[in-house]
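Student: I am new to this structure and would like a close look at a single part of it, the place where the two chains meet. Could you take me through that part slowly, in one connected answer?

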2 protein chains.
Amino acid sequence: MRGVVMHAPGDIRVERREDPGIVAPTDAVIRLSASCVCGSDLWPYRGIEAVEGPAPMGHEYVGVVEEVGSEVRTVAPGRFVVGSFFASDNTCEICRAGYQSSCVRRELMGTLGAQAERLRVPLADGTLVATPDMPSEDLIPSLLTASDVLGTGWFGAVAAQAGPGRTVAVVGDGAVGLLAVLAARQLGAERVIAMSRHEPRQRLARAFGATDIVTERGDEGVARIREMTGGLGAHSVVEAVGTQESMLQAIGSTRPGGHVGYVGVAHGVALDGQELFFSHVHLHGGPAPVRQYLPRLIDLIWNRRIDPGRVFDLDLPLDRAAEAYRAMDERRAVKALLRV
Amino acid sequence: MRGVVMHAPGDIRVERREDPGIVAPTDAVIRLSASCVCGSDLWPYRGIEAVEGPAPMGHEYVGVVEEVGSEVRTVAPGRFVVGSFFASDNTCEICRAGYQSSCVRRELMGTLGAQAERLRVPLADGTLVATPDMPSEDLIPSLLTASDVLGTGWFGAVAAQAGPGRTVAVVGDGAVGLLAVLAARQLGAERVIAMSRHEPRQRLARAFGATDIVTERGDEGVARIREMTGGLGAHSVVEAVGTQESMLQAIGSTRPGGHVGYVGVAHGVALDGQELFFSHVHLHGGPAPVRQYLPRLIDLIWNRRIDPGRVFDLDLPLDRAAEAYRAMDERRAVKALLRV
């Protein structure tokens, strides 16, 4: 089969890879309908995170089940499924508490390479959720977002306790940040402030429910959010970047007793204990337990209550993956879909 | 009047200080019944925190109201009162959300010097809570703990979401840590693990409701807690020290999705963003909003349901404050009461 492989920073190739098969009796193999490039794929692409190339890439996927292991019960060949970027058994104590991305048996899908024609999914019963039926073509981009960026933005908003009566600010205007705006509104937040200086992304943020746009960053961004919230700061702030600046911007924009939900994979972030102490915020985040939210998100998409697929502003065949990475790296695209 | 003054690290004197009077119409002046030395007083005493001496010391206090400003409504001369270490108006939006120690009008009581015969308390209506009647002598130590160490341990346990069905570990066996053990049990925690290697403190922890004692520290302490919790970590961990080692011990001892409540004033702590991200814990803490808990804590003490005053293992007259500091610095005393 064909699949995306990173050989070194900036070096993305579509190559022949071995076809995956059932390894454990809890596995499924799916034929992908679509995959995409994630903001987190850019860390190794930019050389900020080490690549042990040649590395298969991709961890976001939707598709049709082709084959299942002997112990798989909840999904069957022919079903259209959405999975999370971490495989999880969904039965351990951590999963049952809603933290499937820290499942005691978790496996990172990224190492299996979902930017490909076919994918082995471990712990299929715990990881995959089937749609009610075969989706129409136009629903596929939205369903694909549920696999990571929508689920991650949703977790960020939940971790920030976005809800009725609360003012939510979102730091980061990538796909996750934009979908955190959508999530915050779905969760009932009254006011949602998107922090963005890019006009097309501001438009998308507004379409997803942002009530306000703030273009300032860093200390100026913090000052602007405080000014808009009676000097106190927002109740809830979602951090969707992962840098020192964005974390401090998020913490500084949150009122005492408020909640920061951080979902940008932290790179080079060090938090000063005393500043954090006196900020009085709640801090929660990490790899999103997307599996927890999949049934709800699939339902919202299936019934066309939300349209998160609008974050894809580039749509390419798998063979042109290198172009997709380049466009996202240069911020010419918010998020690139790869048609398989 | 007489009051404790720190001139430099290690240099504690009891001197004549000017008698406090009403400055603002919202002030009260109280005659102290007792004060005490706080673990946080040891930071400047040890030279870890700068002292701009001569500095009046102390921020824990109970006593009888002597005089009130013209706008004070809820406390009157002759009433016995307990106050928090931060004065707060208890009416602003932050106070109403339960974060009185970040009140928009807060004043740090430490700068006013509660280790003294008399004390001016700003924002008296918002800061002070009167007891039902004049307390008997034996209740005074317990009521005094409500002013800080009990309220702080309580906040730590609340921030860590101690409650029914949860296993709580407490890092730190100072007065705050020991009272976090008491709080965790009062809040319904099933299992409370005190981390302590000091036999007298272990005994007190058991008396306050600890079900288990762990003597290991650092990575070994983390390994021990994980071993005791099916490899997962505790649901709730209270951090009551404030060093890098204790913070990492607390975070490492918490399961994914669990809660760290940190109340040790952080000194030299820097948290690695990526480690925090993948720990998947909730982190919350800071200066305890003691005022929020005062009515409940006074009630528990008044009805002799709890006996937090047992943390005082040294009882000295105010004039011997220097001895009290020395004994706590050398860890010969858990907490020293100063009789006024």
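Tutor: Between chain A and chain B there are 18 residue pairs in polar contact, both residues of each pair being at pLDDT 80 or more; a polar contact is a pair of N or O atoms within 3.5 Å, where within protein one must be able to donate a hydrogen and the other to accept it, and residues adjacent in sequence count only if both atoms are side-chain atoms. On chain A, the elements that each supply at least two residues of the side touching chain B are helix 2 (93–96), strand 15 (254–262), strand 16 (270–272), helix 10 (273–279) and strand 17 (282–285), where helices (H or I, at least four residues) and strands (E, at least two) are DSSP runs numbered from the N terminus. Helix 10 of chain A gives the largest share of that side, five residues. By type, the residues of the side of chain A that touches chain B are 20 nonpolar, 13 polar and three charged, with Ala, Val, Leu, Ile, Met, Phe, Trp, Tyr, Cys and Pro counted as nonpolar, Asp, Glu, Lys and Arg as charged, and the others, Gly among them, as polar.

This is a predicted model, in which local features need pLDDT of at least 70 and side-chain atom pairs count only at pLDDT 80 or more, while totals for chains, interfaces and linings use all residues. Residues are numbered from 1 along each chain as its sequence is written, chains are lettered from A and ligands numbered from 1 in the order in which they are written, and side-chain values use heavy atoms, with hydrogens and water left out.

The contact, meaning heavy atoms within 4.5 Å, takes 36 residues from chain A and 36 residues from chain B. The two chains bury about 3100 Å² between them, 63% of it on carbon and sulfur atoms, buried area being the accessible area (1.4 Å probe) that two parts lose on being put together, summed over both.

Strand 16 of chain A pairs in the antiparallel sense with strand 16 (residues 270–272) of chain B over three bridges, and two strands count as paired if DSSP finds at least two bridges between them. In this pairing, A:Ala270 has B:Asp272 as its bridge partner.

Two salt bridges also link chain A and chain B, a salt bridge being a side-chain nitrogen of Lys or Arg within 4 Å of a carboxyl oxygen of Asp or Glu. A:Arg255 and B:Glu93 meet in a salt bridge through their side chains, at 2.8 Å from N to O.
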